[in-house]
Amino acid sequence: MRPILMKGHERPLTFLRYNRDGDLLFSCAKDHTPNVWFADNGDRLGTYRGHNGAVWSCDVSRDSTRLITGSADQTAKLWDVQTGRELFTFRFDAPARSVEFAIGDGLAVITTDNFMENVPTAQVKRIAEDPDDQSEESLLVITGIKGRINRAVWGPLNRTIITAGEDATIRIWDTETGQCLKESDKEQGHQKTITSLSKSADWSHFLTGSLDKSAKLWDTRTLTLIKTYVTERPVNAVDISPLLDHILQEEIGGVKGHFGPINALAFNPDGRSFSSGGEDGYVRLHHFDSDYFNIKI
(Lines give C-alpha, C1' and ligand atoms only; values in the text may rest on other atoms or scores of the structure.)
Protein backbone atom coordinates (compact mmCIF):
# COMPACT_ATOMS: atom_id res chain seq x y z
CA MET A 1 0.00 0.00 0.00
CA ARG A 2 2.06 2.94 -1.25
CA PRO A 3 0.69 6.20 0.11
CA ILE A 4 0.32 9.39 -1.89
CA LEU A 5 2.05 12.24 -0.05
CA MET A 6 0.19 15.56 -0.09
CA LYS A 7 2.13 18.63 1.05
CA GLY A 8 -0.08 21.69 1.42
CA HIS A 9 0.31 22.64 5.07
CA GLU A 10 3.20 24.34 6.84
CA ARG A 11 2.16 23.21 10.32
CA PRO A 12 0.82 20.01 11.96
CA LEU A 13 -2.48 18.59 10.70
CA THR A 14 -5.46 18.72 13.06
CA PHE A 15 -8.45 17.24 11.19
CA LEU A 16 -9.53 15.46 7.98
CA ARG A 17 -13.01 15.17 6.48
CA TYR A 18 -14.28 13.57 3.25
CA ASN A 19 -17.41 14.80 1.53
CA ARG A 20 -20.34 12.40 1.25
CA ASP A 21 -19.44 11.28 -2.28
CA GLY A 22 -15.86 10.54 -1.26
CA ASP A 23 -14.31 12.49 -4.15
CA LEU A 24 -13.12 15.46 -2.05
CA LEU A 25 -10.94 15.54 1.07
CA PHE A 26 -10.77 18.61 3.32
CA SER A 27 -7.77 19.11 5.63
CA CYS A 28 -7.28 21.44 8.60
CA ALA A 29 -4.01 22.38 10.26
CA LYS A 30 -2.39 24.78 12.68
CA ASP A 31 -1.35 26.98 9.74
CA HIS A 32 -4.70 28.85 9.53
CA THR A 33 -5.61 27.70 5.98
CA PRO A 34 -7.86 24.66 5.30
CA ASN A 35 -7.23 22.85 2.00
CA VAL A 36 -9.39 20.77 -0.34
CA TRP A 37 -7.94 17.88 -2.35
CA PHE A 38 -9.08 15.36 -4.97
CA ALA A 39 -9.49 12.20 -2.90
CA ASP A 40 -8.38 9.78 -5.61
CA ASN A 41 -5.02 11.23 -6.69
CA GLY A 42 -4.21 13.75 -3.95
CA ASP A 43 -4.12 16.82 -6.20
CA ARG A 44 -4.86 20.05 -4.35
CA LEU A 45 -7.97 21.86 -5.59
CA GLY A 46 -7.84 24.98 -3.46
CA THR A 47 -7.55 26.73 -0.10
CA TYR A 48 -9.84 28.65 2.24
CA ARG A 49 -8.12 31.85 3.41
CA GLY A 50 -9.47 33.98 6.23
CA HIS A 51 -8.68 32.46 9.64
CA ASN A 52 -6.01 34.01 11.87
CA GLY A 53 -5.37 30.98 14.08
CA ALA A 54 -5.05 27.21 14.02
CA VAL A 55 -8.07 25.52 12.42
CA TRP A 56 -9.19 22.65 14.67
CA SER A 57 -11.95 20.97 12.66
CA CYS A 58 -14.26 21.19 9.66
CA ASP A 59 -17.37 19.65 8.14
CA VAL A 60 -18.85 19.71 4.66
CA SER A 61 -22.56 19.82 3.78
CA ARG A 62 -24.27 16.80 2.27
CA ASP A 63 -24.39 18.38 -1.20
CA SER A 64 -20.73 19.53 -0.92
CA THR A 65 -21.60 23.22 -1.40
CA ARG A 66 -20.77 24.52 2.11
CA LEU A 67 -17.80 24.07 4.42
CA ILE A 68 -17.76 25.02 8.10
CA THR A 69 -14.51 25.45 10.06
CA GLY A 70 -13.69 26.07 13.74
CA SER A 71 -10.57 27.99 14.72
CA ALA A 72 -8.39 29.17 17.59
CA ASP A 73 -9.04 32.74 16.38
CA GLN A 74 -12.39 32.53 18.25
CA THR A 75 -14.47 32.14 15.09
CA ALA A 76 -16.26 29.51 13.07
CA LYS A 77 -16.62 30.29 9.37
CA LEU A 78 -18.96 29.19 6.60
CA TRP A 79 -17.39 28.89 3.14
CA ASP A 80 -18.51 28.31 -0.43
CA VAL A 81 -16.75 25.01 -1.25
CA GLN A 82 -16.43 25.68 -4.98
CA THR A 83 -15.17 29.28 -4.94
CA GLY A 84 -13.42 29.39 -1.55
CA ARG A 85 -15.40 32.51 -0.69
CA GLU A 86 -16.08 33.23 2.99
CA LEU A 87 -19.88 33.38 3.46
CA PHE A 88 -20.25 34.13 7.19
CA THR A 89 -18.30 34.33 10.44
CA PHE A 90 -19.63 33.20 13.83
CA ARG A 91 -17.73 35.07 16.57
CA PHE A 92 -17.15 33.74 20.08
CA ASP A 93 -15.35 34.74 23.28
CA ALA A 94 -13.15 31.63 23.12
CA PRO A 95 -11.54 29.35 20.50
CA ALA A 96 -14.03 27.33 18.40
CA ARG A 97 -12.95 23.69 18.39
CA SER A 98 -15.43 21.14 17.02
CA VAL A 99 -17.92 21.81 14.21
CA GLU A 100 -20.51 19.56 12.55
CA PHE A 101 -23.54 20.01 10.32
CA ALA A 102 -26.77 18.27 11.36
CA ILE A 103 -28.72 16.01 9.02
CA GLY A 104 -30.26 18.33 6.44
CA ASP A 105 -27.51 20.95 6.95
CA GLY A 106 -30.00 23.39 8.49
CA LEU A 107 -28.19 23.35 11.85
CA ALA A 108 -24.61 23.15 13.06
CA VAL A 109 -23.09 22.38 16.45
CA ILE A 110 -19.97 24.35 17.41
CA THR A 111 -17.98 23.91 20.63
CA THR A 112 -16.00 26.66 22.35
CA ASP A 113 -13.08 26.12 24.73
CA ASN A 114 -12.67 27.07 28.37
CA PHE A 115 -10.70 30.29 27.92
CA MET A 116 -9.99 33.14 30.36
CA GLU A 117 -13.26 33.42 32.34
CA ASN A 118 -15.35 31.50 29.78
CA VAL A 119 -16.63 27.98 30.43
CA PRO A 120 -16.65 25.43 27.57
CA THR A 121 -19.89 25.31 25.56
CA ALA A 122 -21.57 23.40 22.75
CA GLN A 123 -23.76 25.77 20.74
CA VAL A 124 -26.37 25.05 18.08
CA LYS A 125 -26.63 27.55 15.22
CA ARG A 126 -29.23 27.72 12.48
CA ILE A 127 -27.63 27.64 9.02
CA ALA A 128 -29.54 29.84 6.57
CA GLU A 129 -29.82 28.86 2.90
CA ASP A 130 -29.04 32.47 1.94
CA PRO A 131 -25.86 33.81 3.65
CA ASP A 132 -27.51 37.27 3.75
CA ASP A 133 -30.11 35.85 6.14
CA GLN A 134 -27.52 34.20 8.40
CA SER A 135 -27.63 35.08 12.11
CA GLU A 136 -25.09 34.61 14.91
CA GLU A 137 -27.82 33.74 17.40
CA SER A 138 -27.53 30.38 19.19
CA LEU A 139 -30.65 28.19 19.36
CA LEU A 140 -29.15 26.16 22.22
CA VAL A 141 -26.12 26.59 24.49
CA ILE A 142 -24.95 23.53 26.45
CA THR A 143 -22.77 24.22 29.51
CA GLY A 144 -21.79 22.45 32.70
CA ILE A 145 -18.86 20.44 31.34
CA LYS A 146 -15.49 20.71 33.05
CA GLY A 147 -12.52 20.84 30.71
CA ARG A 148 -12.33 21.31 26.96
CA ILE A 149 -14.91 19.64 24.69
CA ASN A 150 -12.80 18.06 21.94
CA ARG A 151 -15.67 16.65 19.87
CA ALA A 152 -19.42 17.28 19.60
CA VAL A 153 -21.46 15.34 17.03
CA TRP A 154 -25.14 14.95 16.21
CA GLY A 155 -26.99 11.80 17.21
CA PRO A 156 -29.66 10.04 15.12
CA LEU A 157 -32.36 12.32 13.60
CA ASN A 158 -30.72 15.40 15.18
CA ARG A 159 -32.47 14.59 18.47
CA THR A 160 -29.27 14.40 20.49
CA ILE A 161 -25.74 15.80 20.60
CA ILE A 162 -22.84 13.67 21.84
CA THR A 163 -19.90 15.41 23.51
CA ALA A 164 -16.50 14.16 24.70
CA GLY A 165 -13.25 15.76 25.80
CA GLU A 166 -10.80 16.50 28.60
CA ASP A 167 -12.90 15.19 31.49
CA ALA A 168 -12.93 11.69 29.85
CA THR A 169 -16.75 11.52 30.02
CA ILE A 170 -19.08 11.00 27.05
CA ARG A 171 -22.43 12.74 27.38
CA ILE A 172 -25.61 12.58 25.31
CA TRP A 173 -27.72 15.76 25.34
CA ASP A 174 -31.33 16.41 24.31
CA THR A 175 -31.29 19.03 21.52
CA GLU A 176 -34.72 20.37 22.47
CA THR A 177 -34.13 20.98 26.17
CA GLY A 178 -30.35 20.94 26.53
CA GLN A 179 -30.69 18.33 29.29
CA CYS A 180 -28.00 15.67 29.77
CA LEU A 181 -29.68 12.32 29.06
CA LYS A 182 -26.78 9.90 29.61
CA GLU A 183 -23.17 9.85 30.79
CA SER A 184 -20.57 7.16 30.16
CA ASP A 185 -19.84 4.84 33.06
CA LYS A 186 -16.75 5.96 34.99
CA GLU A 187 -15.51 2.39 35.46
CA GLN A 188 -16.04 1.22 31.88
CA GLY A 189 -15.32 4.55 30.22
CA HIS A 190 -12.07 6.30 29.37
CA GLN A 191 -9.72 7.27 32.17
CA LYS A 192 -7.98 10.17 30.40
CA THR A 193 -8.79 12.90 27.84
CA ILE A 194 -10.92 11.75 24.89
CA THR A 195 -9.16 13.07 21.79
CA SER A 196 -11.47 11.93 19.00
CA LEU A 197 -14.94 10.61 18.23
CA SER A 198 -16.19 9.07 15.00
CA LYS A 199 -19.64 7.74 14.02
CA SER A 200 -20.44 4.66 11.96
CA ALA A 201 -22.06 5.19 8.55
CA ASP A 202 -25.55 4.33 9.91
CA TRP A 203 -24.95 6.27 13.18
CA SER A 204 -25.77 3.18 15.27
CA HIS A 205 -22.29 3.12 16.85
CA PHE A 206 -19.48 5.50 17.53
CA LEU A 207 -15.81 5.11 18.34
CA THR A 208 -13.75 7.18 20.79
CA GLY A 209 -9.98 7.47 21.13
CA SER A 210 -8.21 8.56 24.31
CA LEU A 211 -4.87 9.40 25.87
CA ASP A 212 -5.48 6.38 28.14
CA LYS A 213 -4.09 4.23 25.25
CA SER A 214 -7.45 2.80 24.21
CA ALA A 215 -10.25 3.20 21.72
CA LYS A 216 -13.80 2.24 22.65
CA LEU A 217 -16.85 1.32 20.57
CA TRP A 218 -20.24 2.47 21.91
CA ASP A 219 -23.94 2.06 21.09
CA THR A 220 -25.19 5.52 20.06
CA ARG A 221 -28.66 5.26 21.59
CA THR A 222 -27.93 3.51 24.88
CA LEU A 223 -24.27 4.53 25.43
CA THR A 224 -23.49 0.87 26.11
CA LEU A 225 -19.80 -0.05 25.76
CA ILE A 226 -19.45 -2.72 23.08
CA LYS A 227 -15.69 -3.20 22.79
CA THR A 228 -12.38 -1.75 23.98
CA TYR A 229 -9.30 -1.73 21.75
CA VAL A 230 -6.10 -1.43 23.79
CA THR A 231 -2.90 0.01 22.29
CA GLU A 232 0.64 0.71 23.49
CA ARG A 233 0.42 4.49 23.11
CA PRO A 234 -2.11 7.34 23.40
CA VAL A 235 -4.75 7.37 20.64
CA ASN A 236 -4.97 10.71 18.83
CA ALA A 237 -7.42 9.81 16.07
CA VAL A 238 -9.94 7.10 15.19
CA ASP A 239 -12.41 6.26 12.43
CA ILE A 240 -14.80 3.43 11.52
CA SER A 241 -14.78 1.69 8.14
CA PRO A 242 -18.05 2.30 6.23
CA LEU A 243 -17.51 -0.98 4.32
CA LEU A 244 -16.06 -3.62 6.62
CA ASP A 245 -16.18 -4.28 10.36
CA HIS A 246 -12.87 -2.49 10.84
CA ILE A 247 -11.75 0.49 12.84
CA LEU A 248 -8.82 2.78 12.16
CA GLN A 249 -6.64 4.02 15.02
CA GLU A 250 -3.22 5.51 14.58
CA GLU A 251 -1.82 2.30 13.06
CA ILE A 252 -3.52 -0.45 11.01
CA GLY A 253 -1.69 -3.39 9.54
CA GLY A 254 1.62 -1.64 10.09
CA VAL A 255 0.95 1.48 8.01
CA LYS A 256 3.83 3.75 8.94
CA GLY A 257 5.61 6.68 7.38
CA HIS A 258 4.62 9.83 9.20
CA PHE A 259 7.40 11.61 11.04
CA GLY A 260 5.96 12.21 14.50
CA PRO A 261 2.43 11.61 15.78
CA ILE A 262 -0.63 11.12 13.59
CA ASN A 263 -3.24 13.73 14.53
CA ALA A 264 -6.07 12.99 12.09
CA LEU A 265 -7.58 9.97 10.33
CA ALA A 266 -10.54 9.53 7.98
CA PHE A 267 -11.99 6.66 5.95
CA ASN A 268 -13.25 7.45 2.47
CA PRO A 269 -17.04 6.86 2.42
CA ASP A 270 -16.49 4.09 -0.16
CA GLY A 271 -14.31 2.23 2.36
CA ARG A 272 -11.55 1.64 -0.21
CA SER A 273 -9.04 4.21 0.99
CA PHE A 274 -8.20 6.34 3.99
CA SER A 275 -6.14 9.40 4.74
CA SER A 276 -3.94 10.36 7.66
CA GLY A 277 -2.61 13.74 8.77
CA GLY A 278 0.53 14.11 10.83
CA GLU A 279 2.49 16.43 13.04
CA ASP A 280 4.88 16.61 10.07
CA GLY A 281 2.41 18.69 8.02
CA TYR A 282 1.79 15.95 5.45
CA VAL A 283 -1.49 14.34 4.45
CA ARG A 284 -0.98 10.74 3.31
CA LEU A 285 -3.57 9.07 1.13
CA HIS A 286 -3.67 5.27 1.39
CA HIS A 287 -5.58 3.14 -1.16
CA PHE A 288 -6.17 -0.38 0.14
CA ASP A 289 -4.72 -3.30 -1.84
CA SER A 290 -7.20 -5.88 -3.11
CA ASP A 291 -5.82 -8.26 -0.45
CA TYR A 292 -7.27 -6.01 2.26
CA PHE A 293 -10.84 -6.83 1.23
CA ASN A 294 -10.21 -10.56 1.61
CA ILE A 295 -8.79 -10.38 5.13
CA LYS A 296 -10.44 -12.88 7.43
CA ILE A 297 -10.39 -11.65 11.02
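Asp 59 and Arg 17 form a salt bridge, with their closest N and O atoms 3.0 Å apart. A salt bridge here is a side-chain nitrogen of Lys or Arg within 4 Å of a carboxyl oxygen of Asp or Glu. Asp 59 is in strand S6 (residues 55-60) and Arg 17 in strand S2 (residues 13-18), so the pair ties together parts 42 residues apart in sequence. The model is predicted: local features need pLDDT of at least 70, side-chain atom pairs count only at pLDDT 80 or more, and totals for chains, interfaces and linings use all residues. Residues are numbered from 1 along each chain as its sequence is written, and side-chain values use heavy atoms, leaving out hydrogens and water.

**Charges**
- The whole structure has seven salt bridges.
- Side chains of opposite charge can pair when their charged atoms come close.

**Strands**
- Strands S8 (residues 75-80) and S9 (residues 86-91) pair in the antiparallel sense over five bridges; pairing requires at least two DSSP bridges, and strands are DSSP runs (E, at least two residues) numbered from the N terminus.
- Ala 76 stands opposite Phe 90 in S9.
- Five residues separate S8 and S9 in their hairpin, and Gly 84 in the turn has a positive phi of about 80°.

- Residues 142-183 are 0% helix (H or I, at least four residues) and 50% strand, with end C-alpha atoms 14 Å apart.
- Residues 187-228 are 0% helix and 52% strand, and their end C-alpha atoms lie 13 Å apart.
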